[in-house]
Amino acid sequence: RRFLPGMGTLMTGRSPRELDVERHRPLPPGAPTLAQVAWSHGWNTAAFATNPYLTSAYGFDRGFAEFEHALVLEPLQPAARSVLARELTHWVDRFVELDAGEFVVAKAVRWLPARPAGRPFLLWLHLLDPHLPYTARRLPGDGPTAALPQHALLDGHGLPAENLSAVRADPGGIPPEVRDAIAGLYAGEVRYADHHLGRLFAALRAEGLWDETLIVVTADHGEELFDHGGFEHGHSLLPEVSAVPLVVKLPAGGIAGRRVAGDRASADLLPTLCATLGWTAPDSLGGRTDLWPVGPGAAPPVWTGPASPAVLENLLYGPAQTAVRAWPHFAILPPDAAAQWYDLAADPAAMLPLTAAPPTAPFALAVAESIRAAADRSARRLSGPQPLHVEPDRALQRQLRSLGY
């Protein structure tokens with residue numbers, strides 16, 4: 001999936017098709033964001049973001065009283081058009097890793113004790129680890145680590161983003177030990193992000209906020225590490241890319257340790273938050289409200305049986321395709337070939353295609369088509385007569401290239 005539409009769904013509760021978000025098209029003005037909803041209910045709001053798409057130009061600052069971006073040097077904003085500001089920003093962007101998790105978490109840790117008192121708060125932290133470039137990470141207490149294999153794709157520090165096209169061109173030609181090393185670099189970045197999130201959680205405890213705070217950890221996409229013969233994201237809708245984690249800490253440790261199998265969508269996050277916190281949901285917002293128990297004494301969710309079909313689309317590159325997921329069945333729909341169905345309950349990684357479509361396939365496909373049509377109608381209403389378009393400047397183009405876009 002594409003980054004911009006995926007993050008738009010998390011922040012608005014609306015599907016990428018409904019948002020009509022393209023590569024350089026911002027969030028439509030008619031779609032309130034999570035921060036705008038929180039602010040309208042009297043909450044303080046702050047965000048510390050990283051990805052170049054998560055800037056004010058694309059609408060992701062809407063509703064945040066405080067919004068800081070790792071790739072924007074806030075002290076230079078008053079002089080942003082000056083030659084000195086541009087050159088200094090370019091130098092810092094090249095040689096200082098300001099979008100690394102340790103720096104982003106540090107901003108949030110500093111913000112917590114300085115936040116306005118007496119108001120509940122929404123804090124959004126966007127970490128770019130793990131993401132290309134894959135960098136070898138060391139944490140306190142780590143012992144000696146094995147050297148990376150000698151290979152043209154690796155530079156001694158990891159897998160640089162400028163080598164992404166070479167990996168995409170021939171993933172099958174990469175030696176197994178280099179594939180393993182790349183997967184290990186990715187796992188190391190997951191561990192790195194986990195470590196620094198621990199610093200944020202420690203800060204919440206130090207402020208006496210841990211027990212009363214609702215915490216949600218999720219992602220906008222996964223990463224293929226040669227699972228189906230490909231690499232990275234943006235080219236596939238298979239589970240390694242389209243299935244993301246959802247980790248929730250409820251206040252007072254409600255249903256701690258419970259793991260629930262099943263199927264839900266990123267668009268359900270905002271509706272569930274509104275139901276949990278007593279917020280009025282934006283007009284015409286759909287989605288389910290049962291990602292976790294809502295209300296006193298509510299039972300934990302049991303995600304069994306068929307859910308409403310979900311439509312997956314919006315690829316960044318590669319062959320055009322759509323997917324339909326009606327738990328436990330999942331189908332890839334190429335434009336000029338028959339649908340390929342999987343049973344995700346029996347085969348979570350979608351490695352074993354079914355020999356025949358499930359009996360529910362015609363119903364799932366018909367509902368999916370109606371969902372697409374309804375999203376198109378909503379997109380026209382949310383975007384207005386002429387969708388906006390952001391023309392990226394040279395700095396933004398450079399930052400996007402550095403991440404493999």
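This is a predicted model: local features need pLDDT of at least 70, side-chain atom pairs count only at pLDDT 80 or more; totals for chains, interfaces and linings use all residues.

Me: Which residues of α9 are buried?
Reply: The helix covers residues 269-277. Its buried residues include Leu-269, Leu-270, Pro-271, Thr-272, Leu-273 and Cys-274.

Me: Now the rings. How many aromatic pairs does a search of the whole structure find?
Reply: The search finds 10 aromatic pairs.

Me: What makes the pair of Phe-226 and Phe-231 stacked?
Reply: Take the distance, then the angle. The ring centres are 5.2 Å apart, and a pair needs centres within 6.5 Å. The planes stand at 25°, and under 30 degrees counts as stacked. So the pair is stacked. Phe-226 and Phe-231 are both buried. Ring pairs also link them with Tyr-134 and Tyr-186 into a cluster.

Me: How do you know that the charged end of Arg-205 sits over the ring of Trp-210?
Reply: The charged end lies 4.0 Å from the ring centre. The distance limit is within 6 Å, with a further limit on direction, within 35 degrees of the ring normal. Arg-137 lies over the face of Tyr-192 in turn, at 4.3 Å from the ring centre.

Me: On to charges. Why is the contact of Glu-18 with Arg-14 called a salt bridge?
Reply: The closest N and O atoms are 3.0 Å apart. The cut-off is within 4 Å, so the label applies. The whole structure has 13 salt bridges.

Me: Why does Glu-18 count as buried?
Reply: Glu-18 has 13% relative accessibility. Buried means under 20%, so Glu-18 qualifies. Arg-14 counts as buried too, because its relative accessibility is 1%.

Me: What is the N to O distance between Glu-232 and Arg-168?
Reply: The closest N and O atoms of this salt bridge are 2.7 Å apart. The pair links distant parts of the chain, 64 residues apart. Glu-232 is in strand β8 and Arg-168 is in helix α6.

Me: Why is Arg-168 called partly exposed, rather than buried or exposed?
Reply: Arg-168 has 28% relative accessibility. Buried needs under 20% and exposed needs over 50%, so a value in between is partly exposed. Glu-232 has a relative accessible area of 3%, and is therefore buried.

Me: How much of the chain is buried?
Reply: Buried residues make up 46% of the 405 residues.

Terms used
Residues are numbered from 1 along each chain as its sequence is written. Side-chain values use heavy atoms; hydrogens and water are left out. Rings of Phe, Tyr and Trp (its six-membered ring) pair if their centres lie within 6.5 Å; planes under 30 degrees apart count as stacked, over 60 as edge-to-face and the rest as tilted. Buried means under 20% relative accessible area, exposed over 50%, partly exposed in between (1.4 Å probe, protein chains only). Helices (H or I, at least four residues) and strands (E, at least two) are DSSP runs, numbered from the N terminus. A salt bridge is a side-chain nitrogen of Lys or Arg within 4 Å of a carboxyl oxygen of Asp or Glu.
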